[in-house]
Amino acid sequence: MLLIGYGNLGRGDDGLGPAFTDRIERLGLQSLDIDTDYQLTVDHALAVAGASRVVFADALIGAATPFTFEPIAAGANADLGSHSLSPVSVLSLAATLYGKWPEAWILGISGHDFGAVKEGLSAVALGNLDLAEAFFVDWYEARDA
């Protein structure tokens, strides 16, 4: 399984994706490959094509819950017209170039403080990160068992 966390560590809570993958990496979960990046690009399509399952972790703006966890349907429509891609776009590229669309989910972790140039997460984001981490570990262990 592949976990990809992405976001800008220099923009407050936008760094939730990389903060999440950093925490999960420290846990040393078996059979989990982890990639952390600033944004999703065409280069991620190859890694995604080689995975049986993939979870994309990113910051979420304006959510009413601490985090969301949604499946990405195989064959979902994607816009491929940018240098920065969405998870669906990366999956579409993996399908187009390599004939692979693994099981996939988006984990959106709610943030509060976006936009300002600063490092570090808000107290709200840290609490949501704790909840998302606990959920993911339970989910991963149940699927991996």
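A residue counts as buried when its relative accessible area, computed with a 1.4 Å probe, is under 20%. In this predicted model, F20 has a relative accessible area of 0% and is therefore buried. F136, at 0% relative accessibility, is likewise classed as buried.

These two residues lead into the aromatic contacts of the structure. A pair of aromatic rings is described by the distance of the centres and the angle of the planes. Across the whole structure, a search finds 8 aromatic pairs. In one of them, the ring centres of F20 and F136 are 5.4 Å apart and the planes stand at 85°, so this pair is edge-to-face. Because F20 belongs to helix α1 whereas F136 belongs to helix α4 (residues 123–144), the pair ties together parts that are 116 residues apart in sequence.

F136 also forms an aromatic pair with Y140, with 6.0 Å from centre to centre and 20° between the planes; this pair is stacked. The two residues lie 4 residues apart in helix α4 and are therefore separated by about one helical turn. Both F136 and Y140 are buried. A single aromatic cluster includes F20, F136 and Y140, together with F67, F69, W105, F135 and W139.

Helix α1 (residues 16–27) also contains D22. With a relative accessibility of 36%, D22 is partly exposed, whereas F20 is buried. From C-alpha to C-alpha, D22 and L121 are 13 Å apart in space, and 99 residues separate them in sequence.

Terms used: Residues numbered from 1 in each chain as written. Predicted model: local features only at pLDDT ≥ 70, side-chain atom pairs only at ≥ 80, totals over all residues. Heavy atoms only, no water. Buried < 20%, exposed > 50% of the residue type's maximum accessible area, 1.4 Å probe, protein only. Phe/Tyr/Trp six-rings, centres within 6.5 Å; stacked < 30°, edge-to-face > 60°.
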